[in-house]
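Colleague: I am new to this structure and would like to learn how to read it. Could we start with how helices pack?

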Amino acid sequence: MAQAKNPLFDTATVLGKIVAFLGVSALCGVLVAGLLVPAAAVTGSAASGSVQFFEDLPGELTVAPPGQATRVLAADGSQIATIFAENRTRVALKDISPFIKDGIVAIEDNRFYEHGGVDPTGIARALVATAKGGRQGASTITQQYVNNVINESLVAEGRDDEVKLNGSSSKTVGVKLREMKLAIALEKKMSKDQILEGYLNIVFFNANAYGIEAAARYFFSTSAKNVTLPQAAMLAGVVNNPSAYDPVSNPDNAKMRRDLVLDAMLKNGKITQKQHDDAVKTPVTTKITRPRQGCQYSATAPYFCDYVQHLILNNPAYGDTQQDRLKLLQRGGLTIKTTLDPRLQKPAQEQVDSTAGNVNAEQWGASLITVQPGTGKIVAMAQNSRKVENQGSPIVTDYNYNVDRIDANGSPLGGMDGFQPGSTMKPVTLSAWLNEGKRTDDYVDATRTVYPADFPWKTTCTPVEGSYDPATGELPLQNSESNLYQRMTVRKGITFSVNTATFASAAALDDFCDIQRMADALQLHTTQAGAKTPQKLDLHFLGNLLGSTQVAPLTMANAFATFANNGSFCEPIAIDSVVDAQGKKYPGQTSSCKEAIKPDVAKTVTNVLQDVMSQGSGTLIPEKVPAPIAGKTGTNNTNSQTWVVAYTKGLVTASYFGKVFGKAATDSGQGVYVNGVPYARVDGSDVAGPQMARYMQKVVGFYDTGEFDPAPDSLLGSSYVAPPVQPVTPPSNTPEDQKPTDTKPTGGNNGGGNNNGGGNNKPNPKKTP
């Protein structure tokens, strides 16, 4: 049987309410005494003890800036994306409409400018309402600000379960007393306007809007400075109970609360009767602008943004741990200015989106990345997929086609393991040739197709591995054109991308290790096969001379940028500057360039690669770039991964088209349709080439389009007397799927050298993400 309540303490009875009123009043009196009178001036042990309790409560409040959204900007200051845990943009009080300031004060704390942080009049009024069985808040704006500051700190520390909401029944008397004392202390440190500004910037409106600026943009697609009176009154009303007074889900409640705000503003003389009446007649309307949080919602460069985000998260300069860096990124209000050039990014994205056409369902990918030689700045990065659905592409993936999977420390970059670059790797052997003082017009024996395991390569370091030897059941080395098995100059071998000429050049080197030295100088590397850190591209495996190991497009673009920059390699950079909401500067990335190969070697490589574009496989690209241009096409064995890496004096672009997911060794680009056009085999000049050229046509004029520096005569002329040209018939055991199957011009190799994994070279399967 339930015990009967004593009527003295039963608040359901009139007597109980009176006792409760008197009890709380006594507590209030002690509190007020503690607030207004020093403890030594209070007589009586009870009063003295109560004041001592109050005095012992913490009196300092650390007002840390609330979490703010980070903005990722392009080089011209235009916004790429916002990143946040709480959508908040801090705004100064002078940039907030007076309607909002007056409305908040009128409805939440009309004596705000009169009290010292705690309002005894308000407390007494609340006590009377309580004694009558009602409920009325007594927290001042200062107290609410204190509560929000405490809660914000708890959330930032991941202690969300300790958050105490205003008006919450979970608040104990001790919590409320501490809040009051902190409010009084805060009023001694900050002006009323500073407190009001802080409150308006921290207060919660809904999950999409923290602070008045975000709320104005979310509910009305305007700024806090430009809201109308009805809009301001509605926002002032929402803070009391964001769910109950939400104008979208509860418009009737929102109007009722808005009109109460308007009444209070009229009563306090902040608006005229006409303003009040006109505002009350205004219907409840909203114009919602939902914030798009994160790089995935970037309309211009989601993958570049994601790459920048990974650079921040991997850098100890932004925090001791990745969790600290994420907190800074999501709550620090950073302004991250990047190197991205919107003039290039827009046409790059448009071009990759139009390239793949109706082969998307087969998981073909198209990508473009452009860097600026001499600075290393990444100025464009695009691919034909999206990070979320319903954004215009059937391919949805988080993987960035253009960058490495991991950085130098093994931390993730959001990329893949790259793609087989095919013959775009041949300039490395050319560089080694020239570095030894040999000339472009020296002849080599491109008739040789057999390289047995015991071939006498001249090497002073790692032994050469791999062979092309039919006597042991392996395929011979092959070219894509049957009339190119002949003695020819090194220049011709590169211009027409002759596999046998590249191997003949390697065989004639004084030291095969010079190829590796050139690859290392160009910082060519791979992350395939589950490497924990990027690994140097091993050019002692013969198949790698023809590009059999996967490399990221950014890596290839940087290598070719070294040629364009007359031998100086520049580390790729994407971040120009970073500053937080308080003006603290964080380290960006500065151009870091150093001589990697001799300037004369680089100039001569460029001279030869100009011939590729004017006489060789580049001539198969129907669109022409209106500037001096050099470059190289590339295709893997199965025609499933195709490239063009091309450059002017001011821009270097790696253009890729091919199978993105699956295994390069088994996927095929033979007998396929691309945008309705049939291809017996897709080569670098077919799709990646036009993609590069159409894009460069639109953007090349924004950067240097001058003539390349001339190559030295000492590396151009030949002291070798050419023997009579003797065309050689291709080996009879050439597989049908590697014989020419189209009718492209004689002399061109259709994107070049698609025999990059033959013999018993180290297998390099494409990793499936």
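Modeller: Note at the outset that this is a predicted model. Two packed helices are described by the angle between their axes and the distance between the axes. Here, helix H15 (residues 426-435) and helix H18 (residues 513-521) pack at about 115°, and their axes are 8 Å apart. H15 is therefore roughly perpendicular to H18. The crossing of this pair is right-handed.

Colleague: Which residues of H15 and H18 meet?

Modeller: From H15 come Val428, Thr429, Ser431, Ala432 and Asn435, and from H18 come Asp514, Ile515, Met518 and Ala519. Sorted by class, the residues of this contact are five nonpolar, three polar and one charged.

Colleague: At what angle do H15 and helix H17 cross?

Modeller: The axes of H15 and H17 (residues 499-507) cross at roughly 35° and come within 10 Å. H15 passes H17 in a left-handed crossing. On the H15 side the contact involves Lys426, Thr429 and Trp433, and on the H17 side Asn499, Thr502, Ser505 and Ala506. By class, that gives two nonpolar, four polar and one charged residues.

Colleague: What is Ala233 in contact with, beyond its neighbours within four places in sequence?

Modeller: With those neighbours set aside, Ala233 is in contact with Arg258, Val261 and Leu262. A separate reading is the distance between C-alpha atoms. Ala233 and Asp102 are 131 residues apart along the chain, and their C-alpha atoms are separated by 9.0 Å.

Colleague: Where is Met692, and which residues does it contact?

Modeller: Met692 is in helix H21 (residues 688-699). Its relative accessibility is 1%, so Met692 counts as buried. Setting aside neighbours within four places in sequence, the contacts of Met692 are Leu368, Met613, Ile621, Val625, Ile629, Val644, Ala646, Thr653 and Ser655. The C-alpha atom of Met692 is separated by 9.7 Å from that of Ile369, a residue 323 positions away along the chain.

Colleague: Now the backbone. Which value of phi does Asn390 have?

Modeller: The point to look for is a positive phi in a residue other than glycine, and Asn390 has one, near 60°. Asn390 sits in the loop between strand E7 (378-383) and strand E8 (400-404). With 77% relative accessibility, Asn390 counts as exposed, because the cut-off for exposed is over 50%.

Colleague: Where is Asn566, and what is its phi?

Modeller: Asn566 is in the loop between helix H19 (553-564) and strand E14 (568-570). Its phi is positive, about 55°, although Asn566 is not a glycine. At 23% relative accessibility, Asn566 counts as partly exposed.

Colleague: What share of the contacts joins residues 24 or more positions apart?

Modeller: Taking the contacts in the chain with a separation of 6 or more, 73% are between residues 24 or more positions apart.

Conventions. Residues numbered from 1 in each chain as written. Predicted model: local features only at pLDDT ≥ 70, side-chain atom pairs only at ≥ 80, totals over all residues. Heavy atoms only, no water. Contact = heavy atoms within 4.5 Å. Axes fitted to C-alpha atoms, helices over the stretch in contact; angles between N-to-C directions. Helix = DSSP H or I, 4+ residues; strand = E, 2+ residues; numbered from the N terminus. Left-handed = near helix turned anticlockwise from the far one by under 90°. Nonpolar A, V, L, I, M, F, W, Y, C, P; charged D, E, K, R; others polar. Parallel < 35°, antiparallel > 145°, perpendicular 65-115°, else oblique. Buried < 20%, exposed > 50% of the residue type's maximum accessible area, 1.4 Å probe, protein only.
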